[in-house]
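Subject: Structure for you to look at

Hello,

Here is the structure I promised to pass on. Please open it before reading further, and keep it on screen while you go through my notes.

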Amino acid sequence: MKYTRIAALAAISVAATLSLTACGSDSSGTDSSSKGSSSSSSSSSSSSSSDGGSKSEGGSGSDGSQASNAKAGSAEDTEAEATANGATETGDKVTFCKTEDLAIDATDAAPDEESGRINITMINRGSTTCSATGFAGVDIKDTDNTSNPIERGQAQPRVTTLKPGDAAVFNLAYDIDNTGNSLSHPTNILVTPPNETHTVTLKWPAGAGEIKGAYTDVQVYPTHTTK
């Protein structure tokens with residue numbers, strides 16, 4: 001009877017051992033599954049981070065677009081400034097008038113016997129609209145073959161846009177010497193239109209009053225339209 005109890009206890013002990021072993025095996029499997037899940041989660045996170053990096057690059061592209069827009073804005077500002085200087089009209093680009101497209105003439109326009117004035121007219125003979133805004137370059141040539149640059153008068157340029165056939169005018173102003181003892185003996189006027197480098201030579205207008213003082217006392221004023 002005693003041996004029967006011992007055998008029964010031994011059987012129960014073996015069964016318990018086998019049960020514990022099985023439980024340990026299940027626990028180990030659970031840990032392995034957990035680690036695998038963690039590894040998978042980490043991989044997924046890394047992939048997500050990589051995708052996020054791509055989106056970040058896309059954001060950089062957006063910044064690049066903003067930079068392009070900034071440049072475009074800068075170009076618009078430059079165009080607006082050009083408009084203020086008479087280089088554009090109604091949104092279309094207008095180039096400065098070329099000397100070869102202008103018919104230029106000088107006439108005596110003295111308002112009285114004391115005030116000398118030479119009007120210089122420029123007519124657009126080209127086929128497109130152009131700008132004559134600003135000061136023309138002017139030199140006066142004397143009988144001794146010297147050329148004397150004329151200084152600018154105190155005046156602000158006005159926008160002067162010329163369609164084909166339109167005219168712009170600017171003038172030279174000085175005091176007339178009625179003594180007959182003037183030391184200036186002008187023969188020609190050398191004119192370079194605003195923003196140009198090519199010069200035309202005009203005759204000093206017949207009948208224009210003599211210059212009082214020196215050529216440094218003559219002043220040139222900016223262009224304006226005749227309309």
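Below is what was found in it, from the overall make-up down to single residues.

Please keep in mind that this is a predicted model. The protein has 227 residues, and 28% of them are buried. Its secondary structure amounts to 1 helix and 14 strands. Among the contacts with a separation of 6 or more, 74% are between residues 24 or more positions apart.

Start with strands E3 and E4. Strand E3 covers residues 102-108 and strand E4 covers residues 115-124; 7 bridges pair them in the antiparallel sense. The two make a hairpin, with 6 residues between them. To find the pairing on screen, look for Asp-108, which stands opposite Ile-118 in E4.

Next comes an open sheet. It is formed by 4 strands in the order E7-E6-E11-E12, and the pairing is antiparallel. The edges are strand E7 (147-149) and strand E12 (200-203); each has a single partner strand, so one side of each is left without a neighbour in the sheet. On average, neighbouring strands of this sheet are turned by 30 degrees against each other, ignoring direction. Strand E11 (residues 186-192) runs antiparallel to E12, and 4 bridges join the two. Within this pairing, Ile-189 stands opposite Leu-202 in E12.

Now the inside of the protein. The largest nonpolar core has 28 residues. Those touching the most other members are Ile-118, Ile-120, Phe-170, Leu-172, Tyr-174, Ile-189 and Trp-204. Two or more residues come from each of E3, E4, strand E6 (137-142), E10 and E11. The most come from E10, which gives 4 residues.

Leaving out residues up to four places away in sequence, Phe-170 touches Ile-118, Asn-119, Ile-120, Met-122, Ala-136, Val-138, Val-191, Val-220, Tyr-221, Pro-222 and Thr-223.

How many aromatic pairs does the structure hold? There is 1. Tyr-174 and Trp-204 form this pair, which is tilted, with 6.1 Å centre to centre and 45 degrees between the planes. The pair links distant parts of the chain, since its members are 30 residues apart: Tyr-174 is in strand E10 (residues 167-175), while Trp-204 is in the loop between E12 and strand E13 (219-220). Are the two residues buried or exposed? Tyr-174 has a relative accessible area of 5%, so it is buried. Trp-204 has a relative accessible area of 13% and is therefore also buried.

The last item is Thr-192, which lies in strand E11. Its relative accessible area is 16%, so Thr-192 counts as buried; the cut-off is under 20%. Which residue does the side chain of Thr-192 meet in a polar contact of 2.6 Å? The partner is the side chain of Thr-199. Apart from residues up to four places away in sequence, Thr-192 touches Ala-136, Gly-137, Thr-197, His-198 and Thr-199.

Regards

Definitions and conventions
Residues numbered from 1 in each chain as written. Predicted model: local features only at pLDDT ≥ 70, side-chain atom pairs only at ≥ 80, totals over all residues. Heavy atoms only, no water. Pairing = 2+ DSSP bridges. Axes fitted to C-alpha atoms, helices over the stretch in contact; angles between N-to-C directions. Phe/Tyr/Trp six-rings, centres within 6.5 Å; stacked < 30°, edge-to-face > 60°. Buried < 20%, exposed > 50% of the residue type's maximum accessible area, 1.4 Å probe, protein only. Core = buried A, V, L, I, M, F, W, Y, C linked by side-chain atoms within 4.5 Å. Contact = heavy atoms within 4.5 Å. Polar contact = N/O pair within 3.5 Å; in protein donor to acceptor, adjacent residues only side chain to side chain.
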